[in-house]
Amino acid sequence: MDTSPRIPGPPGERQAPPGVQGLIEQTLWATSEISRGFWGWGAAFGGAPASNTRASRLLVARMQILANADAKMARPSRLRAHRRLLSLTLWMMIPGGLIALTLFAMSRAINVAAWETSRRLLSTPAEVSLSMLVPTSSPTESPAPSPSPNPSPTPTGTPTPEPSPIVPPTPTPYPFFQEPLPPTDGQTRTLQVPILMYHYISDPPSGADRFRLDLSVRPSMFEAHLQYLRQAGYETVSLSDLIFHLTQGHPLPPRPIVLTFDDGYRDAYEEAFPRLQRYGFRGTFFVLTGRADEGDPRYLSWEQIRQMSEAGMDIQLHGREHVPLSGRDEAFLFYHIIGGKQSIEAHTGRPVRFLAYPSSDYDQRLIQFLEGYRFWGAVTTAFGADERLENRFLWPRIRIRGTDDVGALMWKLSVPK
Ligand SMILES: [Zn+2]
């Protein structure tokens with residue numbers, strides 16, 4: 001019995017279409033036939049004895065069918081054509097494969113080269129900026145002279161090993177103030193200076209919602225507040241003044257008060273600023289730098305901020321935008337806080353040392369961030385007057401509402417005592 005495996009051609013009734021598709025179909029058919037053949041062999045010799053005879057019969061029948069098919073396929077020209085096509089395809093696969101392999105290798109090489117180049121280009125500024133982020137000296141100090149190129153040693157004479165001083169590369173001073181907290185003189189001090197918190201100083205527009213109404217102190221009422229404060233002997237100080245007192249005992253006036261204004265609305269310039277000047281008061285304005293950058297007409301412009309700063313108003317940071325800052329990563333905080341700080345300092349030339357948390361939203365990571373970048377403190381919207389060094393990133397304030405007349409102001413000033 002001829003059991004040599006061979007790939008039979010397609011049966012006569014199944015006319016394979018010409019060309020590549022025909023070849024594929026033929027190959028598939030042959031594969032299925034082989035597998036079926038093996039199945040038959042397995043059943044005949046390895047299977048259960050009871051089914052042996054049936055399996056053998058099936059196998060013989062299959063062999064006959066295959067033989068018949070071979071006979072029917074006795075069309076040598078057709079077979080030759082198929083074989084030619086097969087060998088041609090195989091031969092074409094060799095150069096094709098070689099070309100594909102070459103292209104693949106080339107693209108790999110190009111990729112690697114590009115990656116190496118970009119890595120080289122990127123590594124230099126990254127290192128510089130990292131070293132700039134942790135300067136040991138405050139940027140107010142004059143930058144150290146840049147290292148002069150070392151003269152190459154002369155080849156003549158005995159090379160005396162000179163102790164050449166290692167000049168570290170001078171980083172470009174990072175353009176924002178990072179002043180350390182003034183050193184403490186060893187004394188522990190506490191303060192209960194009221195830090196008032198205003199928002200709008202304007203008549204609320206018609207149809208204003210309750211939030212806008214609550215945040216809006218009418219200019220006439222604001223004037224009355226200032227009048228009362230002056231009569232009562234209050235003198236305005238800055239948050240930095242409080243820090244200087246807590247750390248070094250710098251004297252404060254008998255009745256110090258801090259007047260803060262959040263969000264940097266346009267009326268801070270139009271309403272609050274001229275009145276503060278008239279009363280000889282200093283305001284602390286927590287501004288949103290993104291609004292000034294945009295030229296948003298509802299908020300302070302950079303020109304107004306600059307004028308106010310030059311007139312002695314303290315411009316501090318509320319954020320780049322009014323977004324909650326808790327649960328944020330370093331990059332986000334850097335963009336919103338250091339970005340805002342840089343903008344104010346660039347426009348005013350004065351350091352930004354304090355942040356008013358937008359929506360009074362903060363967490364430990366944010367406080368650590370502020371401390372790391374040498375902020376001196378931050379204020380919340382919690383009610384109270386309690387300034388110490390330990391809680392300097394959580395100083396409370398006294399919220400002034402739209403409904404607060406002078407009586408309410410007096411009452412609020414008396415409560416924390
Ligand atoms: Zn705010």
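# Notebook: loops, helix contacts and strands

I began with serine 360, which is partly exposed because 18 other C-beta atoms lie within 10 Å. The model I am reading is a predicted one, and I keep that in mind for each entry below.

**Entry: two serines in one loop**

I looked up where serine 360 sits, and I found this residue in the loop between strand 8 and helix 11. Serine 359 is found in the loop between strand 8 (354–356) and helix 11 (364–372), and I noted that serine 359 is partly exposed, since 13 other C-beta atoms lie within 10 Å. A residue needs 20 or more such atoms to be buried and 12 or fewer to be exposed, so a count of 18 leaves serine 360 in between.

Next I turned to proline 180, which has its place in the loop between helix 3 (76–133) and strand 1 (195–198). Is proline 180 buried or exposed? I put it down as exposed, because it has 8 C-beta neighbours inside 10 Å. I then looked along the chain from proline 180 to phenylalanine 375, which is 195 residues away in sequence, and found their C-alpha atoms 8.0 Å apart in space.

Glutamate 179 is likewise found in the loop between helix 3 and strand 1. Glutamate 179 counts as partly exposed, because 14 other C-beta atoms lie within 10 Å. For glutamate 179 I looked up arginine 353, which is 174 residues apart from it along the chain, and the two C-alpha atoms are separated by 8.3 Å.

After these two pairs I looked up the contacts of the chain as a whole. Among contacts between residues at least 6 apart in sequence, 65% join residues at least 24 apart.

**Entry: helix 5 and its partners**

I counted the elements of the protein chain before going on, and they come to 12 helices and 10 strands. Helix 5 brings Ala224, His225 and Tyr228 to the contact, while helix 12 brings Val406, Leu409 and Met410. When I sorted the residues of this contact by class, I had 5 nonpolar, 1 polar and no charged residues.

How do the axes of helix 5 and helix 7 (residues 267–278) cross? They come within 11 Å and cross at roughly 20 degrees, and that makes helix 5 roughly parallel to helix 7. I noted a right-handed crossing here too, where helix 5 passes helix 7. The residues that make the contact are Pro219, Phe222, Glu223 and Leu226 of helix 5, together with Glu271, Ala272 and Arg275 of helix 7. By class, I sorted the residues of this contact into 4 nonpolar, no polar and 3 charged.

**Entry: covered strands**

How many residues of strand 10 (residues 395–399) are buried? I found 4 of its 5 residues buried, and I call the strand mostly covered.

Strand 10 runs parallel to strand 1, to which 2 bridges join it, and I looked up one of the pairs, in which leucine 196 has isoleucine 398 of strand 10 as its bridge partner. Strand 10 also pairs with strand 9 (residues 377–383) in the parallel sense, over 2 bridges, and here phenylalanine 383 stands opposite arginine 397 of strand 10.

Last I checked strand 7 (residues 314–319), in which 6 of the 6 residues are buried. Strand 7 runs parallel to strand 6 (residues 283–288), and 5 bridges join the two; I noted that threonine 284 has aspartate 314 of strand 7 as its bridge partner.

Definitions and conventions:
Residues are numbered from 1 along each chain as its sequence is written. This is a predicted model: local features need pLDDT of at least 70, side-chain atom pairs count only at pLDDT 80 or more; totals for chains, interfaces and linings use all residues. Two residues are in contact if their C-beta atoms, placed from the backbone, lie within 7 Å. Ala, Val, Leu, Ile, Met, Phe, Trp, Tyr, Cys and Pro count as nonpolar, Asp, Glu, Lys and Arg as charged, and the others, Gly among them, as polar. Two strands pair if DSSP finds at least two bridges between them. Axes are lines fitted to C-alpha atoms, for helices over the stretch in contact, and angles run from 0 to 180 degrees between N-to-C directions. Angles under 35 degrees count as roughly parallel, over 145 as roughly antiparallel, 65 to 115 as roughly perpendicular and the rest as oblique. A crossing is left-handed if the near helix is turned anticlockwise from the far one by less than a right angle, and right-handed if clockwise.
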